[in-house]
Amino acid sequence: MEMNVFVGRQPILDRQGSIYGYELLYRNSEINRFPKIDSESATLQLIVNSFLSIGIDKVSGRAMSFINFSGELLAKDIFSRLNPKQVIVEILEDVEITPILISRIREIKQKGFLLALDDFILQEQYLTYDELFKLVDFVKVDYIQSDEIERRRIETFIKEYPHIRMVAEKIETEDQYEEAKKIGYDLFQGYFFAKPEIIKGVDLSPDLNHHLLIINKLNEDNVDINEIADLVLRDISLTYKLLRVINTMNFGVPKKVTSVKQAIILIGTLELKKWLRVLMLHSFGNNSKSGRVKALVSFSLIRARLCELVAKRTGKENSDEYFFIGMFSLIDAIMKRSWDDILPLIPFSDEVADTLKGGKTDMSPYLELAIAVERFDWQKIRKIGKRLGVSEAELSAFSYEAVVWSQKLD
């Protein structure tokens, strides 16, 4: 199944007019407004869309990403795997400040994240917890929500903490911009500079029941990694996102992953279970059917299994990588993105990446053979089969096994 995903972004400029970062905004369509959804779900879906579907490189480039976090989400560990060199944790204005929250914010700060207070108003709770402002790096002041008297109070208060950078948001006129610069604001955001822009991408909707099955397996006392890896491999959307997690999030692991089993071992079963829950939440209510994508996914799975079987038959020890080249051979068509956009996002070996881009590698004949079988190109089947030392009878059996295997996933 195919679905469009959307991320809103609005630039945040420095005093020289250069882009310092973007505030990322949850959107579920090309309509440029926040839909009716709770803030926790919005942030979770925003993270999935930005990092695992579209790619943060396309959303923010090398600039920082300001992402809103509710009090409930701050208490969870979902963002601890995000890269603090990419993300600024923006604490929503309605978050209740408590000693427990201060402790949690200190933990987040120790992980290297910069922190911002959104739509700041001098509430009594802020005056009570002085320590909060020793941890915060940015305070965002809303030029529409707050009047001049309130802004002067805020500016005087923040001057007691010279390390805090002030952000003037909702700037709509040149007079407001010049005033904010004169007062000493460091960063600026608003319609005067740019309205939020919608970044659109294509995603695959995962099989929620399949995710639940994997989560249940992960909850068993004796987790069988081989079984989990096999289940993950049966879902092209999940496999793609698992590899994106490895490459995008802050795991500090090698960039090249040769198998799903290796990926699961690298991030751990607890982390896998956590991301499965995030992806499930993201997927609720977002499923849309597409016959085109269903057909492409079906071809991909058959190719994957056939490549794997032939690789095993010819004595290849890295048969999982041959599974990858079949499984992801149509991902450019599925995602409607170029290989140059896709390949930097996932941690394939150079040989797998070159093969998928159409280069001539030792793996290329295996993918070419799978495509020939798919197209009933008997001349090519015989030629490549002879080259690999695989008989027509064996290929016929492997092809049948691959089709049966893929049909079991429906």
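**Getting set up.** I call a residue buried if its relative accessible area is under 20%, exposed if over 50%, and partly exposed in between, with a 1.4 Å probe and protein chains only. This is a predicted model, so local features need pLDDT of at least 70 and side-chain atom pairs count only at pLDDT 80 or more, while totals for chains, interfaces and linings use all residues. Residues are numbered from 1 along each chain as its sequence is written, and side-chain values use heavy atoms, with hydrogens and water left out.

I started with Phe 157, which is buried at a relative accessible area of 17%. Phe 120 and Tyr 126 are both buried. For Phe 133 and Phe 157 the centres are 5.0 Å apart and the planes at 80°, so that pair is edge-to-face. This pair links distant parts of the chain, with Phe 133 in helix α6 (residues 132–135) and Phe 157 in helix α7 (residues 148–158), 24 residues apart. Helices (H or I, at least four residues) and strands (E, at least two) are DSSP runs, numbered from the N terminus. Phe 133 is buried too, at 0% relative accessibility. Ring pairs join Phe 120, Tyr 126, Phe 133, Phe 157 and Tyr 161 into a cluster.

**Charges over rings.** Next I checked for a charge over a ring, which calls for NZ of Lys or CZ of Arg within 6 Å of the ring centre and within 35 degrees of the ring normal. I found the charged end of Arg 151 over the ring of Tyr 143, 4.0 Å from its centre. I also found Arg 165 over the face of Tyr 20, at 5.2 Å from the ring centre.

**Strand β6.** Is strand β6 enclosed or open? In β6 (residues 138–142), 5 of the 5 residues are buried, so the strand is largely enclosed by the rest of the structure. Both of its faces are covered, with Phe 138, Lys 140 and Asp 142 buried on one side and Val 139 and Val 141 buried on the other.

I then looked for its partners, where two strands pair if DSSP finds at least two bridges between them. Strand β5 (residues 114–117) pairs with β6 in the parallel sense over 2 bridges, and here Leu 117 stands opposite Val 139. Strand β7 (residues 165–169) also pairs with β6 in the parallel sense, over 5 bridges, and there Asp 142 stands opposite Glu 169. From β6 the chain crosses through α7 to β7, and this β-α-β crossover is right-handed. I reminded myself what that word asks for: with the strands pointing away from the viewer, the path from the first strand over the helix to the second runs clockwise.

**Positive phi angles.** Which residues other than glycine have a positive phi? One of them is Lys 170, with phi near 60°. I located Lys 170 in the loop between β7 and α8 (174–183), and it is partly exposed at 37% relative accessibility. Phe 376 is another, with phi near 55°. Phe 376 sits in the loop between α19 (364–374) and α20 (378–388), and with a relative accessible area of 59% it is exposed.

**Nonpolar cores.** A nonpolar core is a set of buried Ala, Val, Leu, Ile, Met, Phe, Trp, Tyr and Cys residues joined through side-chain atoms within 4.5 Å. In soluble globular proteins, nonpolar side chains tend to be buried together. The largest core here has 63 residues, and those with the most contacts inside it are Val 310, Ile 325, Phe 328, Ile 331 and Phe 348. Helix α14 (residues 291–313) gives the most to this core, with 9 residues. I listed contacts (heavy atoms within 4.5 Å) as well. Leaving aside neighbours within four places in sequence, Val 310 is in contact with Tyr 366, Leu 369, Leu 388, Val 390, Leu 395 and Phe 398. Apart from this core lies another, of 57 residues, including Leu 82, Leu 92, Leu 101 and Ile 164.

**Helix α15 and Thr 355.** Helix α15 (residues 319–327) is mostly covered, with 8 of its 9 residues buried. Among the buried ones I noted Tyr 322, Phe 323, Phe 324 and Ile 325. Last, I looked at Thr 355 in helix α18 (residues 350–356). Thr 355 is buried, at 3% relative accessibility. Not counting residues up to four places away in sequence, Thr 355 touches Ile 325, Thr 361, Met 363, Ser 364 and Leu 367.

Technical notes
Rings of Phe, Tyr and Trp (its six-membered ring) pair if their centres lie within 6.5 Å; planes under 30 degrees apart count as stacked, over 60 as edge-to-face and the rest as tilted.
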